[in-house]
Amino acid sequence: MKPLKTVTTLVFFSLLVALPIFLSSYYVGLMILMLIFGIFAMSLNILVGYCGLPSLGHAACFGVAAYTSGFLALKGVHNFWLEAAAGVILSLVVAAIFGFLVLRTRGVYFLMITLALSQVLWGIAFKWTSVTHGDDGLSAILRPDLVFIPLDLFNTTAYYYFALFFFIIATVAMLLVAQSPFGLTLKGIRDSETRMRTLGYNAWIYQYVAFILAGFFASIAGILSVYYHGYVGPSDLHIVTSAKVLLMVILGGAGTLIGPIVGAFGIVLLENFISGYTERWLLLLGLIYVLAIIFAPQGIYPPIKRKVYKWLTL
Amino acid sequence: MVNFISLKATRVLETGKSASPLVITNVSKTFGRLQALDGISLSLMHGERRALIGPNGAGKTTLFHIISGILAPSSGKILILGQDVFRLPVHKRAALGVARTFQITNLLPTLSVLENILLSLQAHEPYRFVMYRPISSFGPLFLRAREILVTWGLWEWRDTEVRSLSYGEQRELEIVMALAQRPKLLLLDEPTSGLSPSETASVTRMIRNLPRDVTMLLIEHDMDVVFDLVDRLSVLHLGRLVAEGSTEEIRQDRTVQKIYLGSQA
Amino acid sequence: MNFWLVQAINGISYGMLLFLLAAGLSLVFGLMNIVNLAHGSYYMLGTYIGITVYRYSQNFFLAVVGAAIGLAIVGVLMQRFILRRLYGNHLGQVLLTFGFVFIIADISLLVWGGYAQNMPAPSFFKGATTMGGVTFPTYRLLVIGVGLLVALFLWWFQKGTKMGVAVRAAVDDEEMSQSIGINVPLTTTVVFGISTALAAVGGVIGGPFIGAYPGVEHEVLLLALVVVIIGGLGSLRGAFVGSILVGLLDNFGKALFPELSLFTIFAPMAIILAIRPSGLFGRAL
């Protein structure tokens, strides 16, 4: 069992490292998107899978980080590290504030409130044209200037490895958290908050920290996104984005480490191929979601997991 | 009488604790127009085994919720180990040394038996916030968990998801989890409900063997179990404390008999 | 003074529109514990169907009825055959209903195109009415009237009819209700159908001044959500008060501070969340 797990992991990462060499820049770009959403989905999984808190507003931290970094880049800061730090910090501020407001609710309420809050941010991005350029968004953002690292990120493949670096860090971090005392506590709170409080755990603090942690990784994804596309717009804060990443987590299977990655990779590929074949890609995507949830209500990864890899649960 | 006093004094000297584990003064609880509890006063001595009995709906579980902090009383005072716990959140009361089981088994269903025990053990440890090290690297924690699981015969189930266990096994696990925390005040809510005779015997044995410095308040309907395990009883009926005394006294109390016979519909 | 009064009427009429949406949302979310993100899509589809019916019949009333019936059918089908399977599975409901949002959005795009469309206000309600020296757009008054009627109807339904009581019973305790003879599946389907129909009616009524365009489903969903958050889940009174509040705030916000408009509804929502998360009239969480 264990050798199989190690082998699969090795194969997976080897592919991630080696494939771009053989693919055209279009497909490498696609892989970059997969990595970005992989990080984004894993970050949301902290809330959905490990805390049992279904957030429909996760685009908030993603978009705020993207806008902040993009804005600074356009202002001529010419220093990726400063731009990114600002993006992360502002995103964490948003997470800290939202956390206070939303963690007083659960379930359906939590869903609605996270949705509403992030849509408000969308509205601000839409209307605050002086800073965000409204519906046009911020564009013509150049690839990051790494200052002391001589890497030319204008090359798609180079940017891919740049993104891969963060993806690996994020995955390792998630793994550590999942297996840590903190991670186990989160899962316990997800299963029964009353039981955990009775045991002596301050459930709220854990959920709050998890919320901020989730925001942190979402901001990384957002920053990678804005530099890759060279663009950020209100849609990055819109419910459609929040829903997309939530769907990735649900479809892949919440609560496991692999599930969200499978969901993210899968949906990015699906969207891309379907839109290549038909104009009615939105309809097809919707139908696929509907059918998927009817036949695999807990996500598509768990049945796969159950059938073959029982021990991949982390 | 003299023996009893010197026994108590010995206990006090042994543990250095003079504060009563639980003192409830005039606690009432209303839900809208429903008076669930009315002027309950109760106090436990260190190491005492007390049963809380009464017909269904008497308010016993509500009282447990109020003691553990899940519900706030409408009026009255609660002192746990000498501390007024007014507004003290559930988890802080647990830190004082209160552990409880629930009427409806409340475990962490998707987690394994081992994980449930680990969570019980690490609840008051500072490293429960650690995010960067795998929990398996905490040697002493695992050793203690193993010790507990082996003692209670659960070691072979350690990787089983709790929801796959039988009802009886789950109930036992809940008690083990409470005991693992070495509580000073243990609240057991109908631990033998729904159990087969052999499971009941097993749980009763478990409770009988509790360390003598653990104070226990037990809600139970099975009178055989009650009379076997406790020194004193408090009888609740329609939210009021109607009788309190030793097992003999209560067994012969007319009011209590009327309540039970009367409610045997 | 005129300005304030006209804005107030606009705000209240907008609020009535929101009420049509929020009432259904509150019922479905709060009472039935179903997450239905497609609620905004019902509104949009209602507008589109209303526009088409009106185009062929030139009859506004028919448009309303047509849209209501059409959406009620859509809603009932959705609930009966699909949503029922996911009872209790909130995440699954999110995925499912969002799938429907996409499906409805694309079908709308296919059938009606991507340009914003408006419905002309029915002829006898066009123009303005003067009351007490102040001139109001007549249509807005109609909207307020309709909103009040619907509110009264829902109130009566909830308190006075057997079905209304059945709904409340079924929500409180499904098993118990079923055991005393209440047909819970039928009741929930009926409620779902009513909520969908209301959204559609809102769509048609809102046709003349909001119109239909790709993206409107998200905007109205957001506003309806804010109403329900402020007013409280599962409470008709909350939906009513919340709608009027949000309608007024949004309207005055847009008129006075156009750049910060969403802030005028964000601030009260945040305040409610901070002080009383269950909303003004909602059940305690």
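Ala140(A) counts as exposed because it has 9 C-beta neighbours inside 10 Å (exposed means 12 or fewer other C-beta atoms within 10 Å, buried 20 or more, partly exposed in between, with C-beta atoms placed from the backbone). Ala140(A) lies in the loop between helix H6 (129-132) and helix H7 (156-179) of chain A; helices (H or I, at least four residues) and strands (E, at least two) are DSSP runs, numbered from the N terminus. Although not a glycine, Ala140(A) has a positive phi of about 65 degrees. Most residues other than glycine have a negative phi.

Leu81(B) also has a positive phi, near 50 degrees, and is a residue other than glycine. Leu81(B) is placed in the loop between strand E4 (75-80) and strand E5 (83-84) of chain B. With 19 other C-beta atoms within 10 Å, Leu81(B) is partly exposed.

## Basis of the model

This is a predicted model, in which local features need pLDDT of at least 70 and side-chain atom pairs count only at pLDDT 80 or more, while totals for chains, interfaces and linings use all residues. Residues are numbered from 1 along each chain as its sequence is written, and chains are lettered from A and ligands numbered from 1 in the order in which they are written.

## Sheet of chain B

In chain B, 4 strands form an open, antiparallel sheet in the order E2-E1-E4-E5; two strands pair if DSSP finds at least two bridges between them. Strand E2 (34-44) and E5 of chain B stand at the edges with a single partner strand each, so one side of each is left without a neighbour in the sheet. Strand E1 (residues 22-31) of chain B pairs with E2(B) in the antiparallel sense over 7 bridges. Val27(B) has Ile40(B) in E2(B) as its bridge partner.

## Contacts between chains

Chains A and C share the most contacts of the 2 pairs of chains in contact (two residues are in contact if their C-beta atoms, placed from the backbone, lie within 7 Å). Chain B and chain C do not touch, and their nearest C-alpha atoms are 13 Å apart.

In the contact between chains A and C, 36 residues of chain A meet 38 residues of chain C. H5(A) gives the largest share of the side of chain A that touches chain C, 13 residues. That side of chain A divides into 28 nonpolar, 5 polar and 3 charged residues (Ala, Val, Leu, Ile, Met, Phe, Trp, Tyr, Cys and Pro count as nonpolar, Asp, Glu, Lys and Arg as charged, and the others, Gly among them, as polar).
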